[in-house]
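Please take the sequence and the three-dimensional structure shown here together, and follow the explanation below from one part of the chain to the next.

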Amino acid sequence: MKVYSTEQKKEMRDRIVALQENSGLSGNEFAVKRLGFSNGSKFSHVRNNFDKPGMVGQETWEIIDKYIQKAESYKGVPTQNLRKVWETCERAYALKKPMAVVGEGGLGKTFALEKYKEYIESQRKFRVVYFDASMVKTNKQFVAGLMRALDCYKPGTMSAQILEMREFAKKQDMLVCIDEVSSMKGPNVTITKDIMTAFRDICGIVMAGAPYFINNLNKGAIRDSHLFSETRDRLFMLPEKLSRPTPEEAEAIFRANGINNEEDLDIVLGRRPEFKSHSWLAKKTFRGIRDCIDTLRMAELPSIDYSSISL
């Protein structure tokens with residue numbers, strides 16, 4: 001367990017308050033939506049009583065520490081893929097239609113959706129619900145997980161829960177983003193038909209996942225398998241397809257993350273053939289770019305002085 005000094009707590013307090021103020025959210029909203037606290041009282045204590053014994057618990061400091069590290073460890077830029085995702089979100093919200101974004105892993109789907117949610121929250125335009133379906137294995141888990149993301153969970157049959165979500169959605173001004181929808185394999189994917197039907201003309205839905213999502217629907221429809229064609233037909237327009245990053249986007253991201261030294265840039269951009277395996281060209285995705293950034297930061301970590309260790 002990491003023990004934080006008073007100086008470290010003050011630094012974390014200042015940084016988390018700055019992140020909260022830049023988010024456009026109130027302290028209570030930030031505490032609940034970003035930090036996952038049940039209410040805003042913990043955040044209030046962090047802001048006002050961080051140095052008073054017993055007012056802010058160890059678990060709270062650990063949550064704040066992890067959030068700061070995640071928020072400050074990587075800076076993105078408005079890439080072509082991010083624009084595609086955001087524009088899809090805007091269209092789905094405005095038209096109240098279900099739309100899809102597909103792309104291989106590491107092309108920035110999750111990053112773009114999370115940043116869109118943060119942007120809309122900061123502008124106080126409408127509610128963006130983000131649901132990560134990556135761990136979902138069954139239709140029951142999918143429906144229950146989506147209900148929890150909407151914050152309207154009630155136990156019951158799936159049909160009753162879907163009706164409950166529909167009634168809840170009628171009272172909201174929101175967009176629903178379902179990430180990693182491709183985790184629904186085989187016929188399980190047809191549960192999305194019921195969700196799209198329930199939310200029809202009530203709120204927009206953006207479903208993001210690997211190409212398997214659409215390929216699965218297409219293959220099922222060709223075989224005339226039950227509900228596959230109907231599910232595919234519910235999607236509005238063709239899915240938006242994401243592409244691999246360009247060298248220009250890679251360089252812009254490296255520079256945004258503080259890599260401006262020409263020698264370092266030559267390595268991560270693959271300009272030096274002998275270091276190609278250490279460049280983003282070894283994995284031509286946005287995840288590959290981020291891995292290069294982390295590798296450079298790892299090289300800056302202090303090394304262990306093994307000469308002083310007795311085993």
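Leu150 counts as buried, because its relative accessibility is 0% and buried means under 20% relative accessible area. In this model, which is a predicted one, Leu150 is found in helix H7, a helix made of residues 139-150. If neighbours within four places in sequence are left aside, the residues in contact with Leu150 are Arg127, Val129, Met165, Phe168, Met174, Val176 and Phe199.

The chain has 311 residues, and buried residues make up 41% of them. Among the contacts in the chain with a separation of 6 or more, 70% are accounted for by residues 24 or more positions apart. The accessible surface of the chain comes to about 16,900 Å², and carbon and sulfur atoms hold 52% of that surface.

Two of the helices, H12 and H14, can be followed in detail. Helix H12 covers residues 247-256, and it packs with H14 at an angle of about 35 degrees, the two axes being 10 Å apart. The crossing that H12 and H14 make is right-handed. Which residues meet where these helices pack? On the side of H12 they are Glu249, Ala250, Ile253 and Phe254, and on the side of H14 they are Phe286, Ile289, Cys292 and Ile293.

Side chains of opposite charge can pair when their charged atoms come close. In this chain the count comes to 18 salt bridges. One of them joins the side chains of Asp14 and Arg13, with a distance of 2.8 Å from N to O. Are these two partners buried or exposed, or do they fall in between? Arg13 is buried, because its relative accessible area of 16% is under the 20% that marks the limit for buried residues. Asp14, with a relative accessible area of 32%, is partly exposed.

Arg271 forms a salt bridge with Asp266, where the closest N and O atoms are 3.2 Å apart. Here Arg271 counts as partly exposed at 43% relative accessibility, and Asp266 is partly exposed as well, with a relative accessible area of 24%. Salt bridges that share partners join these residues into one network, made up of Glu251, Arg255, Glu262, Asp266 and Arg271.

The backbone also has places to look at. Most residues other than glycine have a negative phi, and most peptide bonds are trans. Glu180, however, has a phi near 55 degrees, which is a positive value in a residue other than glycine. Glu180 lies in the loop between strand E3 (174-179) and helix H9 (191-198), and at 28% relative accessibility it counts as partly exposed. Asp224 likewise has a positive phi, near 60 degrees, although it is a residue other than glycine. The place of Asp224 is in the loop between helix H10 (212-222) and helix H11 (228-234), and Asp224 is exposed, with a relative accessible area of 67%.

Where does Leu311 lie? Leu311 lies in the segment after helix H14, the helix of residues 286-299. Leu311 is exposed, because its relative accessible area of 100% is over the 50% at which exposed begins. Together with Ile304, Tyr306 and Ile309, Leu311 forms a nonpolar patch on the surface, and these residues have about 540 Å² of accessible area together.

Note on methods: Residues numbered from 1 in each chain as written. Predicted model: local features only at pLDDT ≥ 70, side-chain atom pairs only at ≥ 80, totals over all residues. Heavy atoms only, no water. Patch = residues over 30% accessible without salt bridge, like charges linked within 9 Å, V, L, I, M, F, W, Y side chains within 5 Å. Areas by Shrake-Rupley, 256 points an atom, 1.4 Å probe, with all protein chains shown as cover. Salt bridge = Lys/Arg side-chain N within 4 Å of Asp/Glu carboxyl O. Helix = DSSP H or I, 4+ residues; strand = E, 2+ residues; numbered from the N terminus. Buried < 20%, exposed > 50% of the residue type's maximum accessible area, 1.4 Å probe, protein only. Axes fitted to C-alpha atoms, helices over the stretch in contact; angles between N-to-C directions. Left-handed = near helix turned anticlockwise from the far one by under 90°. Contact = heavy atoms within 4.5 Å.
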